[in-house]
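Hello,

Here is the structure I said I would pass on. My notes on it follow below.

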Amino acid sequence: PTKYLDRTNSQQKIKTMCRPVNEQGDSEEKEASRSGSSSPSFFRRNFFSITALLFAILIGLLCKSLSTHNLDRPIPIEAVPLWQTSELHWVVRYFVGYLFGKFVPVGQLVKCPITVDWTNVQEADEAKSCINPVRAILEKADEFVDLNALFDVQFIDIERSVGGDNSPVHMTLLKKKASSDAATTKNNDSKAPLILYMHGGGFTVRGGRGALAAQIFGYLHQIGETDDDVNDSANSFMDDAVIAMVDYRLAPEHQYPSATEDCLLALNHLVNDMNLGRGGIHVSGISAGATLAMEVTLKSMDMNIDSFYVDEPKIPLPSKDGTWSLDSGSFRRYGYSRMPPVDWLEWSLKAYTGMETNHEVESTLPYGMITTDVDITGGSIDAANWKRSFDESNATQLPRLFLVTANGDPLKDGGVYFKHVYEEVIKQVEAETPNSTERQPQIKYVETTSGHTGHYIFELPIFEDTMKEWYAEMKRAHSRKLN
């Protein structure tokens with residue numbers, strides 16, 4: 001067998017050596033082809049992995065570029081790119097946070113003038129031509145919610161008895177659809193709750209005017225329809241409840257305290273002239289409207305306000321030199337925010353307080369560092385003012401505070417600051433009645449993760465839980481007022 005194998009191998013070698021030149025060359029080419037094909041096959045085998053890697057790199061570069069958008073002034077050094085803010089809801093962190101400015105283009109307003117001679121027709125027209133298109137976009141978007149299809153709607157104009165402005169305060173009253181009598185809001189003697197609602201928009205536009213009011217009021221009614229306690233009776237206490245939306249005057253045409261005056265006038269008219277709120281008075285607002293809700297509640301304690309809902313308020317914080325600014329830890333950390341953008345937040349503060357722009361001074365200041373001499377909260381971030389207002393009223397307990405702040409919101413720390421202020425107020429009031437068996441209403445504080453007002457869409461369970469607690473507070477207030 002060994003000899004046979006050797007002979008076979010020898011024959012094979014001879015055959016190989018005796019091959020024609022062409023055949024041997026072809027063999028070498030095939031061998032070279034086989035050895036050289038390893039490189040293309042690697043890319044073919046890993047095509048999808050390589051494509052995914054390149055796509056991930058592209059998305060990463062895009063996110064970095066979008067997160068660190070360029071502004072006209074320095075961004076605080078503490079600012080974190082949007083995609084790196086781990087405390088944010090993922091939808092906002094990777095998607096909505098970049099698109100917000102496209103759907104809510106308030107950032108365009110920073111190019112508009114702030115200090116305008118409104119008696120000068122040409123100057124006024126130029127300013128309005130810059131501001132009104134943005135307002136029109138937001139108001140158009142609000143029309144997607146058909147209030148008439150959801151509620152009984154009534155429009156009211158309140159004439160001003162003082163001041164040089166002759167224009168009325170416009171209000172929209174919403175009541176449950178197919179309620180006992182929609183016309184009773186004109187002279188309502190039922191003991192139903194009243195909710196005063198102030199929209200957001202940095203005091204310069206009408207943000208979420210009808211849409212958010214409809215979402216809040218609609219869900220409160222939805223809770224009422226499943227409440228076994230109230231459904232045992234002929235009517236739910238919410239059946240005749242009214243939510244009043246105030247179209248307060250906007251800046252820069254009307255500066256502080258115009259918006260506050262309109263909201264106070266509206267509440268006074270609803271309670272004293274229309275006899276509403278006998279089943280409880282509740283004040284609410286979102287963003288700039290939340291700031292108004294704070295001041296309106298502070299200055300209406302004699303009406304026995306039962307609760308106030310303060311959702312992501314715009315609160316400039318006090319400085320040692322007696323001025324106020326938006327500078328805070330959250331304003332610095334979320335300096336790249338687009339919901340809302342920090343340059344617009346500061347522009348709207350200047351517009352509401354009537355500040356002139358000093359380009360030479362401001363060009364080197366990081367966003368948030370511009371100060372104002374005007375306290376747009378009307379003293380509502382001072383515990384002493386709350387204590388004084390409570391003492392001067394005939395109220396037996398403080399209004400319960402429902403407070404919402406959001407991660408990703410440059411304004412978050414302002415809301416947290418107000419939380420500490422109101423905790424001090426509760427402490428002071430309770431200290432004067434140590435033998436009382438009833439404690440003052442405690443704060444309901446909610447922290448969301450989806451940026452400014454994002455929880456109305458992306459964190460519905462949080463919104464619903466907050467509304468359930470607010471409904472329960474309204475129910476207690478209604479029972480208390482009936483007794």
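Buried here means under 20% relative accessible area. Arg73 has a relative accessible area of 12%, so Arg73 is buried. Please bear in mind that this is a predicted model.

Confidence

The protein chain has an average pLDDT of 85, and 83% of the residues score at least 70. In residues 32-38 the pLDDT is below 50, and this stretch has zero contacts in the model beyond near neighbours in sequence. Residues 181-187 also have a pLDDT below 50, but that stretch has twelve contacts beyond near neighbours in sequence.

Arg73

Arg73 sits in the loop between H4 and helix H5 (90-103).

Arg209

Arg209 belongs to helix H8 (residues 209-225). Its relative accessibility is 15%, so Arg209 counts as buried as well.

- to the side chain of Thr172, at 2.6 Å;
- to the side chain of Asp247, at 2.7 Å.

Not counting residues up to four places away in sequence, Arg209 touches Asp142, Thr172, Tyr197, His199, Met245 and Asp247. Between Arg209 and Glu139 the C-alpha to C-alpha separation is 8.2 Å, although they are 70 residues apart in sequence.

Salt bridges

Side chains of opposite charge can pair when their charged atoms come close. A search of the whole structure gives 25 salt bridges. I describe some of them here.

Glu87 and Arg333 are joined through their side chains in a salt bridge of 2.7 Å, N to O. Glu87 is in the loop between H4 and H5 and Arg333 is in helix H12 (residues 329-333), so this pair ties together parts 246 residues apart in sequence. Arg333 is partly exposed, at a relative accessible area of 28%.

Glu261 and Arg249 form another side-chain salt bridge, at 3.4 Å, N to O. Here Glu261 lies in helix H10 (residues 258-273) and Arg249 in the loop between strand S4 (242-247) and H10, so the parts tied together are twelve residues apart in sequence. Glu261 is partly exposed, with a relative accessible area of 43%, whereas Arg249 counts as buried at 13% relative accessibility.

For Glu469 and Arg400, the salt bridge between the side chains is 3.5 Å, N to O. Glu469 is in helix H18 (residues 460-482) and Arg400 in strand S10 (residues 400-406), so the pair ties together parts 69 residues apart in sequence. At 30% relative accessibility Glu469 counts as partly exposed, while Arg400 counts as buried at 12%. Both residues belong to a network of salt bridges that links Arg400, Lys444, Glu469, Glu473 and Arg476.

Surface

Which residues form a nonpolar patch on the surface? They are Leu53, Leu54 and Ile57, which together have about 300 Å² of accessible area. Leu54 is part of helix H4 (residues 47-67). With a relative accessible area of 54%, Leu54 is exposed.

Regards

Definitions and conventions
Residues are numbered from 1 along each chain as its sequence is written. This is a predicted model: local features need pLDDT of at least 70, side-chain atom pairs count only at pLDDT 80 or more; totals for chains, interfaces and linings use all residues. Side-chain values use heavy atoms; hydrogens and water are left out. Helices (H or I, at least four residues) and strands (E, at least two) are DSSP runs, numbered from the N terminus. Buried means under 20% relative accessible area, exposed over 50%, partly exposed in between (1.4 Å probe, protein chains only). Contact means heavy atoms within 4.5 Å. A polar contact is a pair of N or O atoms within 3.5 Å; within protein, one must be able to donate a hydrogen and the other to accept it, and residues adjacent in sequence count only if both atoms are side-chain atoms. Patches are made of residues with over 30% relative accessible area and no salt bridge: like charges are joined within 9 Å, nonpolar side chains (Val, Leu, Ile, Met, Phe, Trp, Tyr) within 5 Å. Accessible areas come from the Shrake-Rupley method with a 1.4 Å probe; for residues, only the protein chains shown count as cover. A salt bridge is a side-chain nitrogen of Lys or Arg within 4 Å of a carboxyl oxygen of Asp or Glu. pLDDT is the predictor's confidence in each residue, from 0 to 100.
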